Structure formats: structure tokens, C-alpha cells
Amino acid sequence: MAKIAVVFHSGYGHTRRLAQAVAEGANAELVAIDADGNLPEGGWETLAAASAIIFGTPTYMAGPSWQFKKFADASSKPWFSQAWKDKLFAGFTNSASTNGDKQVTLDYLFHLAMQHGGLWVGSGMMPANSKAATRNDVNWIGAFSGAMAQSPSDASAAEMFPGDLETGRLFGQRVADVARRLDR
């Protein structure tokens with residue numbers, strides 16, 4: 001079985017909840033980036049041992065949180081030795097606005113993975129884009145390069161849309177399925 005890690009930062013709890021759904025689908029280990037942008041003890045070792053790494057960050061001001069960026073900059077150490085080369089990578093994000101420039105954040109995560117010589121896994125999900133579609137449908141935002149969620153600025157993490165959480169779970173499952181097929 002592939003070993004998968006979800007490394008993420010969450011500012012208000014919404015991205016943590018999405019990370020938990022992704023990890024559930026992938027049967028992955030969560031590695032939370034703290035409020036100072038640091039990994040927990042053993043975090044770098046968990047990422048080194050993983051065959052797939054799923055990045056997660058809220059979208060703030062059209063990009064990842066500074067805490068996630070600090071982690072990304074610190075990943076130059078494994079980059080230098082090509083330690084993560086040929087690992088599978090994927091990513092997800094959340095913001096208060098429906099668009100919120102989330103695609104820019106997913107592009108950042110993609111390019112980070114490419115810097116590491118990784119292989120990217122997209123969502124593989126059809127969008128819920130009919131007139132009957134609601135926020136409770138899977139992939140209601142219509143993301144293909146990763147998973148996206150929307151959490152209104154006045155909503156608690158407990159009020160996240162079921163469709164977003166199911167999208168996260170299915171996204172994690174897809175990464176795990178791809179890892180199994182590649183026998184990683």
C-alpha cells in the first residue's frame with residue numbers, strides 16, 4: 001500500500017477540515033504546518049517516506065498562506081538532493097470567495113511539485129455544472145488541477161459544504177488509486 005502524506009496549513013480551521021477529508025479518502029497521514037510555518041517533529045521524515053505528497057493551503061490574497069510558503073521555501077533542502085523526485089503530488093485549497101483566485105494557488109502548488117521533479121495528479125472529476133447543480137454536489141466549483149472548496153467568511157469550519165468535503169474525500173481517493181496503480 002502506498003504511503004501518502006497530506007501536508008497543509010489552515011488559518012481558521014476550514015482547510016484543516018478539508019485536509020481531513022482528503023486524508024480520509026487517501027488513507028493518508030496528516031502533517032499540519034503550524035501558525036509559525038513549521039512542521040511538527042518528524043514531519044520532514046514523514047514526507048521523505050511518503051510515495052505521494054498532497055499539499056493543502058488556504059488561498060489568501062491570490063496565493064498560498066505565508067505559513068505554507070515558508071514550508072515550501074524550506075523544502076529547498078530535499079529539492080537540492082532531489083529527495084522528492086518522481087513522487088506523486090497533488091494539491092487543494094479553500095477560500096471565502098467562490099473564485100477567490102484559487103486557481104493561482106493550485107498553480108503555485110503544481111509548480112512547487114514540478115520544482116521537486118514530481119508527478120502531478122489532478123482531480124479527475126467532472127464538474128457539477130448543470131442548472132440543477134448545488135453547492136452540495138461534488139466538484140461544484142469545477143476544479144480539474146486539484147480540489148477546491150469555498151467557505152463563506154462568516155461560516156465556521158463545521159458549516160463547510162458537504163459537496164466540498166466529499167470532493168476532498170474523492171480527491172484523496174483518486175491520489176491513492178493512482179499511487180496504487182503505479183505501485184508507489
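Visitor: Which residue forms a salt bridge with E166, and how far apart are the closest N and O atoms?
Guide: This is a predicted model. In the model, E166 forms a salt bridge with R169, and the closest N and O atoms are 2.7 Å apart.

Visitor: Where do E166 and R169 lie?
Guide: Both E166 and R169 belong to helix α6. They are three residues apart, about one turn of the helix.

Visitor: How exposed are E166 and R169?
Guide: E166 counts as partly exposed, because its relative accessibility is 28%. R169 is also partly exposed, with a relative accessible area of 23%.

Visitor: How many salt bridges does a search of the whole structure find?
Guide: The search finds three salt bridges. Another of them joins D177 to R180, with the closest N and O atoms 2.4 Å apart.

Visitor: Which helix holds D177 and R180?
Guide: D177 and R180 both lie in helix α6, where three residues, about one turn of the helix, separate them. D177 has a relative accessible area of 28% and is partly exposed. R180 is partly exposed at 46%.

Visitor: And what does D73 pair with?
Guide: D73 forms a salt bridge with K69, and here the closest N and O atoms are 2.7 Å apart. Both residues are in helix α3, which covers residues 66-74. They stand four residues apart, about one turn of the helix.

Visitor: Let us turn to helix packing. At what angle do α1 and α6 pack?
Guide: Helix α1 (residues 14-26) and helix α6 (residues 162-181) pack at an angle of about 40°, and their axes are 6 Å apart. That angle makes α1 oblique to α6. The crossing of α1 past α6 is right-handed.

Visitor: Which residues of α1 and α6 meet there?
Guide: On the α1 side, the residues are R17, L18, A21, V22, E24, G25 and A26. On the α6 side, they are D164, L165, G168, R169, F171, G172, Q173 and A176. By class, this contact of α1 with α6 has seven nonpolar, four polar and four charged residues. R169, one of the α6 residues in the contact, is also the salt-bridge partner of E166.

Visitor: How do the axes of α3 and α5 cross?
Guide: The axes of α3 and helix α5 (residues 102-115) come within 11 Å and cross at roughly 10°. The two helices are therefore roughly parallel to each other. In this case α3 passes α5 in a left-handed crossing.

Visitor: Which residues make that contact?
Guide: F68, K69 and A72 take part from α3, together with Y108, L109 and L112 from α5. These residues divide into five nonpolar, no polar and one charged. K69 of this contact is also the residue that forms a salt bridge with D73.

Visitor: A change of topic: where is S65 found?
Guide: S65 is found in the loop between β4 (63-64) and α3.

Visitor: Is S65 buried or exposed, and which residues does S65 touch?
Guide: S65 counts as buried, because its relative accessibility is 0%. Leaving aside residues up to four places away in sequence, S65 touches H9, T57, P58 and Y60.

Note on methods
Residues numbered from 1 in each chain as written. Predicted model: local features only at pLDDT ≥ 70, side-chain atom pairs only at ≥ 80, totals over all residues. Heavy atoms only, no water. Axes fitted to C-alpha atoms, helices over the stretch in contact; angles between N-to-C directions. Parallel < 35°, antiparallel > 145°, perpendicular 65-115°, else oblique. Left-handed = near helix turned anticlockwise from the far one by under 90°. Contact = heavy atoms within 4.5 Å. Nonpolar A, V, L, I, M, F, W, Y, C, P; charged D, E, K, R; others polar. Salt bridge = Lys/Arg side-chain N within 4 Å of Asp/Glu carboxyl O. Buried < 20%, exposed > 50% of the residue type's maximum accessible area, 1.4 Å probe, protein only.
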